[in-house]
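Hi,

Here is the structure I promised to pass on. Have a look at it first, and then read on for what turned up.

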Amino acid sequence: MLVYAPVLGAILGSFSTMLVYRLHHDETGVWLGRSRCPQCRQQLGWKNLIPIFSWLFQGGKCAFCRKEIPVIYPVIEIAFATVFFLFVQKFSSTELLWMLPIVFLLLVLFFYDLWFMEVDDRIAWPAIGIAGLAIWWRDVPYAEHLIAGGLGFLFYAAQFYGSKGRWVGAGDMRFGLLLGLLFGWQTLLVLLVSYVVGTIVGLGLVFTKDYGPKSQLPMGAFLMPVAIIFLYLGNGPWNWYLDYLGFA
Ligand SMILES: [Zn+2]
């Protein structure tokens, strides 16, 4: 299983680039249609679709129109391969049964938000559904996780309606719900770390580019990777944090 994990990850990563592209452009055949070059729309054969390697051997260009294929494509494939390898290496198959689908969807949400600054309900709701059902599968205190999901949703809903959509996007309410269901009270720490990282990256952008205070950073670009890291680490950081605050 461990040998196949990065291969599976890379294939799913490759699939996700197509998925994100098609969902964003509302193309038909989202799940089953043949892959095409985003520039010349030429249908691609299997030789052009080998994750990471096709990009390398074609010198980062489309085999047909020779236009550049953005480096984000192999980067996404490598990210999926790495994350899948790490999870399969650490967790039992019973845990992976809910973890791999959720990690897949978190990664898709991450790259979608990074790429188009959008949260797509066709990805967000399935993720919320799996996170909700997994509460029973995981044997965690379900009241805590359900309440945290509700609070996470309200946290962003208050900001969204309070600022008339200027501070956060409507999609961030989905993120709040999703994180609460996944992490229970630990969501506090996930948000804290995400905001620290977001602030550092935001300040970096302000100093290096014309990135005014009005430009919005896609929140999912910080929440999703931090969520994946916390899923991987388990309860360790939260226990440490409670200990640090003097609760444990
Ligand atoms: Zn092309």
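A word on counting before anything else: helices here are DSSP runs of H or I with at least four residues, strands are runs of E with at least two, and both are numbered from the N terminus. Keep in mind too that this is a predicted model.

Counted that way, the chain has ten helices and zero strands, so the order of elements from the N terminus simply reads α-α-α-α-α-α-α-α-α-α. The radius of gyration is 19 Å against the 18 Å that the globule rule gives for 248 residues, so the chain is as compact as a globular protein of that length. Along the principal axes, the C-alpha atoms fill a box of roughly 60 × 45 × 35 Å.

Now for the helix pair I'd look at. Helix 5 (residues 121-138) and helix 7 (residues 171-183) have axes that come within 8 Å and cross at roughly 20°. Because angles under 35 degrees count as roughly parallel, helix 5 is roughly parallel to helix 7. Their crossing is left-handed.

Which residues make the contact? From helix 5 they are Ala124, Ala127, Ile128, Ala131, Gly132 and Ile135, and from helix 7 Gly171, Arg174, Leu177, Leu178, Leu181 and Leu182. By class, that contact has nine nonpolar, two polar and one charged residues.

Cheers

Note on methods: Residues are numbered from 1 along each chain as its sequence is written. This is a predicted model: local features need pLDDT of at least 70, side-chain atom pairs count only at pLDDT 80 or more; totals for chains, interfaces and linings use all residues. Axes are lines fitted to C-alpha atoms, for helices over the stretch in contact, and angles run from 0 to 180 degrees between N-to-C directions. Angles under 35 degrees count as roughly parallel, over 145 as roughly antiparallel, 65 to 115 as roughly perpendicular and the rest as oblique. A crossing is left-handed if the near helix is turned anticlockwise from the far one by less than a right angle, and right-handed if clockwise. Two residues are in contact if their C-beta atoms, placed from the backbone, lie within 7 Å. Ala, Val, Leu, Ile, Met, Phe, Trp, Tyr, Cys and Pro count as nonpolar, Asp, Glu, Lys and Arg as charged, and the others, Gly among them, as polar. The radius of gyration is taken over C-alpha atoms; the globule rule is 2.2 Å times the number of residues to the power 0.38.
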